[in-house]
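Dear colleague,

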Amino acid sequence: MKIIAFVGMPASGKSEAARIAAEMGIPVIIMGDVIRKEVLRRGLEPNDSNTGMVATQLRKCEGMDAVAVRCISQIKDAGSDLIVVDGVRGIAEVECFRREFGEGFVLISIYAPIEVRFSRVQKRGRSDDMNSIEGLRNRDERELGWGMGEAIEASNIEIENNSTLETFKKDVIEVLSNYLGKNLGKNLNE
């Protein structure tokens, strides 16, 4: 089993990379869904403040790898030899996945400058998004506090996402195709 996980700062392109993987027929597990589900279970509004609070509480109560631990059964139940995981947020999650999946775990970091990321936040319209660049900086700091920087440093591969969507898509398909054993992504690029 091969697990390919994406890590990067908020709005760097992790979800877009996961969407591209899904278009290639690769099952995707979204780590943020664990948090969003818990926010709703608690009857809270799914905004940035509540999402961040719940994510921090889960990590405080269950350990910094809490979200990864909750994803492992989903990964195993997916019934595929190749799975993409969207949204690693810290080094404890990386270590958890590496313990569980060993050499089968590959971490890909996605990089984009903060100005590019904020422009994307303004366009995507998610309920847990920030409405100012200062809000994005605060979210960056919160996630860096979970070990995001160390997780990014631990990545096997980096994809830059500071150009066009077409360029990013081509880069993601190229990297993911290396793990498919055949070039399924070729016709997606045309």
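This is a predicted model: local features need pLDDT of at least 70, side-chain atom pairs count only at pLDDT 80 or more; totals for chains, interfaces and linings use all residues.

Residues are numbered from 1 along each chain as its sequence is written, and side-chain values use heavy atoms, with hydrogens and water left out.

Taking a salt bridge as a side-chain nitrogen of Lys or Arg within 4 Å of a carboxyl oxygen of Asp or Glu, the count comes to 18. Glu 38, which is buried at 8% relative accessible area (buried being under 20%, exposed over 50% and partly exposed in between, with a 1.4 Å probe and protein chains only), pairs with Arg 41, where the closest N and O atoms are 2.7 Å apart. Both residues lie in helix α2 (residues 31-41), three residues apart, or about one turn of the helix (helices are DSSP runs of H or I with at least four residues, strands runs of E with at least two, numbered from the N terminus). Arg 41 is exposed at 62%. Glu 38 also meets Arg 42 in a salt bridge of 3.0 Å, N to O, and Arg 42 is partly exposed at 33%.

A further salt bridge joins Lys 76 and Glu 100 at 2.4 Å between the closest N and O atoms. This pair links distant parts of the chain, helix α4 (residues 66-77) and helix α5 (residues 91-101).

Finally, Ala 11, in the loop between β1 (2-7) and α1 (14-23), has a positive phi of about 65° although it is not a glycine.

Best regards
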